[in-house]
Amino acid sequence: ARAELAETLVRHDNPLVWRSLANRIWQWTMGTPLVGTPNDFGRGGLQPTHPELLDYLAARLRDDPEQSVKSLVRLIVTSEAYRRASGHEEANAAIDAGNAYHWRANRRRLSAEEFRDSVLAVSGKLNRAAGGKPFQDFIIEKPEHSPHYQYHLHDPNDPASHRRTIYRFVVRSQPQPMLTTLDCADPSMSVPARDESTTALQALTQWNSRFVEAMAVHFGERLKKEAPESPEAKVELACRLATGRAPSPEERVVLVGHLKDHGEESLARVVLNLNAFVYVD
């Protein structure tokens, strides 16, 4: 019965699965889906904003001999729509304030997993090895009965945990506190899209979490090693690593002053908490 169901779902003349998958890939890549209800393609769902585009992407994925998701992502990220700037235009905004038709790029912040991976990468500690066993960022107490997953007992300097967050061992009954605060989805349920909130607790978590504290130390050491010439050189390197650009004149003055007063580790924590922190690997 399971084989018959699978064969029915992926039949060449059944567009539902291909359209649903293409819609998810577009959502993951562009930030918003073509069909605003990714979990509902039925009568209660929304109509696609670009039906012809959705059908084209679905057919391309279906007819690809390898049915490669990577190939479809490559097509999207090399498109004009993906490469548009995020600047505001009054005429377009008057017609489509919500940007449903993608006349500009949508600004978005890093997801919880992207933030963690980026902090590791900027600090120089990210282990890029692919595959293998998952890592645990918690300590199990009382494993013999009713185990307790203690995240606060885990050592953030443990090299085994310096892998991409996709390899993290997920405990459905007890989410990871830092990632949950940064709007990581509840692992005990399926959600079509992440909630995005803005709270003071998120800023406090990004500044005070033991993970960020530990990685800021390594980031500071990296700045000392790779830019020993001057405070200005350290600030330049820190901004280029974390934001992909040089600091503005105003940022340079503030950050150099902060570095001289508080040292490399504190500078690292400040840079990791900039709104412009958008490390791209």
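Reader: Which residue forms a salt bridge with Glu80?

Author: A salt bridge here means a side-chain nitrogen of Lys or Arg within 4 Å of a carboxyl oxygen of Asp or Glu. Glu80 pairs with Arg84, and their closest N and O atoms are 3.8 Å apart. This is a predicted model: local features need pLDDT of at least 70, side-chain atom pairs count only at pLDDT 80 or more, and totals for chains, interfaces and linings use all residues. Residues are numbered from 1 along each chain as its sequence is written, and side-chain values use heavy atoms, with hydrogens and water left out.

Reader: Is Glu80 buried or exposed?

Author: Buried means under 20% relative accessible area, exposed means over 50%, and partly exposed lies in between (1.4 Å probe, protein chains only). Glu80 has 60% relative accessibility, so Glu80 counts as exposed. Arg84, at 30%, is partly exposed.

Reader: How many salt bridges are there by this rule?

Author: The count comes to 13 salt bridges. Another of them joins Glu213 and Arg269, with the closest N and O atoms 4.0 Å apart. Helices are DSSP runs (H or I, at least four residues), numbered from the N terminus. Glu213 sits in helix H9 and Arg269 in helix H12, so this pair ties together parts that are 56 residues apart in sequence. Arg269 is buried at 13% relative accessibility, while Glu213 is partly exposed at 31%.

Reader: Which residues are linked in a network of salt bridges?

Author: Take a look at Glu236, Arg240 and Arg252, which are linked in this way. The side chains of Glu236 and Arg240 meet at 2.7 Å, N to O. Both of these residues lie in helix H10, four residues apart, about one turn of the helix.

Reader: How many residues does the largest nonpolar core have?

Author: A nonpolar core is a set of buried Ala, Val, Leu, Ile, Met, Phe, Trp, Tyr and Cys residues joined through side-chain atoms within 4.5 Å. The largest one has 34 residues, and Phe219 is one of those with the most contacts inside it. Helix H9 gives the most to this core, with seven residues.

Reader: What is Phe219 in contact with?

Author: Contact means heavy atoms within 4.5 Å. Leaving aside neighbours within four places in sequence, Phe219 touches several residues, including Val122, Ala238, Leu241 and Leu272. There is also a second, separate core of 14 residues, and Trp26, Leu54, Leu61 and Leu72 are among them.

Terms used. Helix = DSSP H or I, 4+ residues; strand = E, 2+ residues; numbered from the N terminus.
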